[in-house]
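The sequence and the structure come first.

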Amino acid sequence: MTTMTTTQTPPAVTETAVLQATGVTMRFGGLTAVRDVDLTVNTGEIVGLIGPNGAGKTTFFNCLTGLYVPTEGRVAYKGTTLPAKPHLVTKAGIARTFQNIRLFANMTVLENVLVGRHTRTREGLFSALLRGPGFKKAEAESKERAMELLEFTGLAAKADHLSRNLPYGEQRKLEIARALASEPGLLLLDEPTAGMNPQETRATEELVFSIRDQGIAVLVIEHDMRFIFNLSDRVSVLVQGQKLVEGTPAVVQADERVIAAYLGTPMEDSPEDECLDAVEAAESAAASHRAAAAGTGAGTGTGTGAGTGTASGTSSGTGTNTGAGTDTEDHQEDTK
Ligand SMILES: Nc1ncnc2c1ncn2[C@@H]1O[C@H](COP(=O)(O)OP(=O)(O)OP(=O)(O)O)[C@@H](O)[C@H]1O
Ligand SMILES: [Mg+2]
């Protein structure tokens, strides 16, 4: 005899998925900041998350990391649904940095990294208070690992400096070192190059590649398009809380909807076009006039205006840092 069973099939989990967010929606009263977003990050991948200011990128990160309980949807890490509690998410293996740097300003660089290790040390309160041999051993190991991470991020020489005395770019690196101290399998970076100069940005790019090479998958939010398109295996675009496009950097860069989302849809019959037409007509007339005067009769050199218009739209939309990170710094409380 066979029995009929009805099983509710959970959303398919890809074998290689480190992160799988399914149908994530976040509403704040009447505002839907994130709407039905699916996103997967696979082992060994760097995935970029882009979108105009207010698109819902940070809110989405907050849903992934348990800072917000999503109104709807599910977030799974390596096939297991995550509880919406930040410390449990960190313990499971997801670490993050914040759009607004969050360091212990009056602690040293090394101490900040040691704080990041607390989810990975097993010594409890009593052990710490009694400072027994188990605690001392764990402390020495933590310190060694923290120093390794400072070497890795290029901050070892400043281990004893107070973190508030670091230049801005180094504070961002320290946030990464601290996040790595929890030994994550997935690192979420929220605008890691905001406020950095081009050299620092380049170094951060290299750092993210090295992190990926160590087997840590990365999901990164950035407004600097050059950085994102150089770095990412896949790029996902959020606009007004919804996923607009996802694909390889080449596919996303060429997508007209992405260009329109960043630059606004070009006006039809814009005054600029009329100007261009007038210039072309005048140039063409002058060329014909010269040709007639020279007696050759050939009218040449017209018709290139439309092509250049499109090309310049693409490069200005995707080539440079919009600098948008900085003007958002003080408009959100402590969830950024
Ligand atoms: N705690 C909150 N309460 C109410 N509204 C919020 C909250 N957090 C974010 N929002 C709103 O959700 C929307 C998305 O904001 P979010 O910070 O996620 O955008 P973002 O894509 O990270 O933008 P940016 O590129 O400027 O950092 C905005 O309209 C924002 O005002
Ligand atoms: Mg943000």
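Two residues are taken to be in contact if their C-beta atoms, placed from the backbone, lie within 7 Å. On that basis, L149, L150 and T153 in helix 5 meet K173, I176, A177 and L180 in helix 6. The model is a predicted one, and the surroundings of this contact are set out below.

## Overall composition

The protein chain holds 13 helices and ten strands. Of its 336 residues, 33% are buried. Among contacts in the chain with a separation of 6 or more, 68% are between residues 24 or more positions apart.

## Helix 5 and its two partners

Helix 5 spans residues 133-153 and helix 6 spans residues 168-180; the two pack at an angle of about 140 degrees, with their axes 9 Å apart. That angle makes helix 5 oblique to helix 6, since only angles over 145 degrees count as roughly antiparallel. The crossing of the two helices is right-handed. The residues of this contact comprise five nonpolar, one polar and one charged.

Helix 5 also packs against helix 3 (residues 109-116), at an angle of about 115 degrees and with the axes 9 Å apart. Helix 3 and helix 5 are therefore roughly perpendicular to each other. This crossing, too, is right-handed. From helix 3, V109, L110, V113 and L114 meet S142, K143, A146, L149 and L150 of helix 5. The residues of this contact divide into seven nonpolar, one polar and one charged.

Strands of a sheet pair through backbone hydrogen bonds, either parallel or antiparallel. One sheet in this chain is open, has six strands in the order 6-7-8-3-9-10, and shows mixed pairing. Its edges are strand 6 (94-96) and strand 10 (242-247); each has a single partner strand, so one side of each is left without a neighbour in the sheet. On average, and with direction ignored, neighbouring strands of this sheet are turned by 20 degrees against each other.

Within this sheet, strand 3 (residues 46-50) and strand 8 (residues 217-221) pair in the parallel sense, over four bridges. L49 stands opposite I221 in strand 8. Helix 1 (residues 57-64) lies across strand 3, strand 6, strand 7 (186-190), strand 8 and strand 9 (234-239). The direction of helix 1 is at about 150 degrees to strand 7.

Strand 1 (residues 17-28) runs antiparallel to strand 2, and eight bridges join them. One bridge partner pair is V24 with V37 in strand 2. The hairpin of strand 1 and strand 2 has two residues between the strands, and in it G29 takes a positive phi near 55 degrees. Strand 1 also pairs with strand 4 in the antiparallel sense, over five bridges. There, the bridge partner of Q20 is A76 in strand 4.

K78 is not a glycine, yet has a positive phi of about 45 degrees. K78 is found in the loop between strand 4 (72-77) and strand 5. With 18 C-beta neighbours inside 10 Å, K78 counts as partly exposed, because burial calls for 20 or more.

E183 is another residue of this kind: its phi is positive, at about 50 degrees, although E183 is not a glycine. E183 is found in the loop between helix 6 and strand 7. E183 is also partly exposed, with 15 other C-beta atoms within 10 Å.

Terms used. Residues are numbered from 1 along each chain as its sequence is written. Chains are lettered from A and ligands numbered from 1 in the order in which they are written. This is a predicted model: local features need pLDDT of at least 70, side-chain atom pairs count only at pLDDT 80 or more; totals for chains, interfaces and linings use all residues. Axes are lines fitted to C-alpha atoms, for helices over the stretch in contact, and angles run from 0 to 180 degrees between N-to-C directions. Angles under 35 degrees count as roughly parallel, over 145 as roughly antiparallel, 65 to 115 as roughly perpendicular and the rest as oblique. A crossing is left-handed if the near helix is turned anticlockwise from the far one by less than a right angle, and right-handed if clockwise. Ala, Val, Leu, Ile, Met, Phe, Trp, Tyr, Cys and Pro count as nonpolar, Asp, Glu, Lys and Arg as charged, and the others, Gly among them, as polar. Two strands pair if DSSP finds at least two bridges between them. A residue is buried if 20 or more other C-beta atoms lie within 10 Å of its own, exposed if 12 or fewer, and partly exposed in between; C-beta atoms are placed from the backbone.
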